[in-house]
Amino acid sequence: MAQRDQTQQETAAPPTLGIGMVGYAFMGAAHSQGWRTAGHVFDLPMRPALAAVCGRDRAAVEAAAGRHGWAAAETDWRALIARDDVHLVDICTPGDSHAEIAVAALEAGKHVLCEKPLANTVAEAEAMAAAARRAAARGRSAFVGFNYRRVPALAHARRLIGDGRLGALRHVRAVYLQDWLTDPASPLTWRLDKDRAGSGALGDLGAHVVDLAQYLAGEPLVAVSALTETFVRERPRPAGPSGGLGGGAAAGGTGPVTVDDAAAFTGRLASGALASFEVTRMAAGRKNALRLEINGERGSLAFDLERLNELSFHDHTEPAATAGFRRVLVTEPEHPYLEAWWPPGHTLGYEHTFVHQARDVVCAIAGGTPDVPTFADGLQVQRVLAAVEESAAKNSVLTPVTL
Ligand SMILES: NC(=O)c1ccc[n+]([C@@H]2O[C@H](COP(=O)([O-])OP(=O)(O)OC[C@H]3O[C@@H](n4cnc5c(N)ncnc54)[C@H](O)[C@@H]3O)[C@@H](O)[C@H]2O)c1
């Protein structure tokens, strides 16, 4: 009898975590890949099931369901939330719908993963964080998709800093540079509309580097001084429904750009360390250059997303004659997430951050303790972004980040 119980335990399938995803374009494709793959790579306590995907156009969402492996398609996110086979709602839509979908999903008893930036305004983010606190009392979790924390080299950087390898931090330097808006003829998609996106490069790229800077340093920004600029103030309206990075072809006529093209800001971390940030979608030639350098009294770390398997590390306690930045290839089994992947030197890429995100979310829901960013983290980043905008509007006056 005891032997039969043991056999049953060994063969019992892990419980299912049904995923319902809203939006199926850029992030929808990336998240689909993450949910599809995580259980095949990692030994998970729950099995993610791609239950249903939601869009607004029946034919298009059914095609997306087939392409990305979803069992069903819905055309109204409320219907998606109401499904019994959906336990987690994954929000991959523009920012103007995050708050409404997330709060409704949490109130319906679902877990939520929401893309960054958490919301378009601090007020929306506060409402979401309040809903998350109420849901937590009922055993439901709410996460925000800061996927770059899941780059193994950056997770490793976090460990090194946590272990004191850099000592007291002095500087955090972060840039996130893209160039897809350099051409003034690039069309006016939702990302250039404040009502839909909240802000421009600031919310799109700045949210990532602000989160990373605070996550790696292990402390919040307490004040910022900022400049923002919109270099191209009118752009051609796209012909079709505005969507992905490229939008549609120009259909004649222009409309106003109502968000920033770029933001540059400095800040002070709680410990007194200084931080600087530059984010833009107009850095000609830079495609997805998220670069960080952190200097402490015992050493430094540097990272570039375009070489994401590498971390540069300088140990300042070594003899000066041989010390210097060295390239650590972050593909060893002792590096974060790597044990489950390929032999050393067989590198990972952008998409793997979403597999790691899916893994961490599943483990957190199942009661593990992976360090997954919550709605409270998303709200705090939103407050930093708001302080940046406030400072920029007041000629860069040093502006405290609301606690
Ligand atoms: N983590 C990252 O690295 C990263 C990268 C890009 C975008 N994002 C974030 O992801 C979110 C989505 O961006 P994206 O690049 O995927 O945009 P996208 O334009 O490629 O896709 C948006 C999707 O949302 C759908 N949609 C919009 N409103 C909807 C509604 N009311 N109901 C159902 N579907 C709706 C659209 O049809 C489309 O499928 C944004 O918050 C963005 O900031 C994160």
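The model is predicted, so to speak in confidence terms: local features need pLDDT of at least 70, side-chain atom pairs count only at pLDDT 80 or more, and totals for chains, interfaces and linings use all residues. Residues are numbered from 1 along each chain as its sequence is written.

The ligand is surrounded by 23 residues, with Gly23, Ala25, Phe26, Met27 and Glu115 the closest (a residue counts as near if its C-beta atom, placed from the backbone, lies within 6 Å). Sorted by type, the shell holds 9 nonpolar, 10 polar and 4 charged residues; here Ala, Val, Leu, Ile, Met, Phe, Trp, Tyr, Cys and Pro are nonpolar, Asp, Glu, Lys and Arg charged, and the others, Gly among them, polar. Domain 1 (2-147) and domain 2 (150-348 + 374-400) both supply shell residues, so the ligand sits between them; the bounds come from an automatic or database domain assignment.

Glu124, Ala125, Met128, Ala129, Ala131, Ala132 and Ala135 are the buried residues of α6 (20 or more other C-beta atoms within 10 Å of a residue's own; exposed means 12 or fewer). Down the axis of α6 these fall within an arc of 160 degrees, so they line one face of the helix, the arc being that of the directions from the axis to the C-beta atoms. Ala123 and Arg134, on the other side of α6, are exposed.

Conventions:
Helix = DSSP H or I, 4+ residues; strand = E, 2+ residues; numbered from the N terminus.
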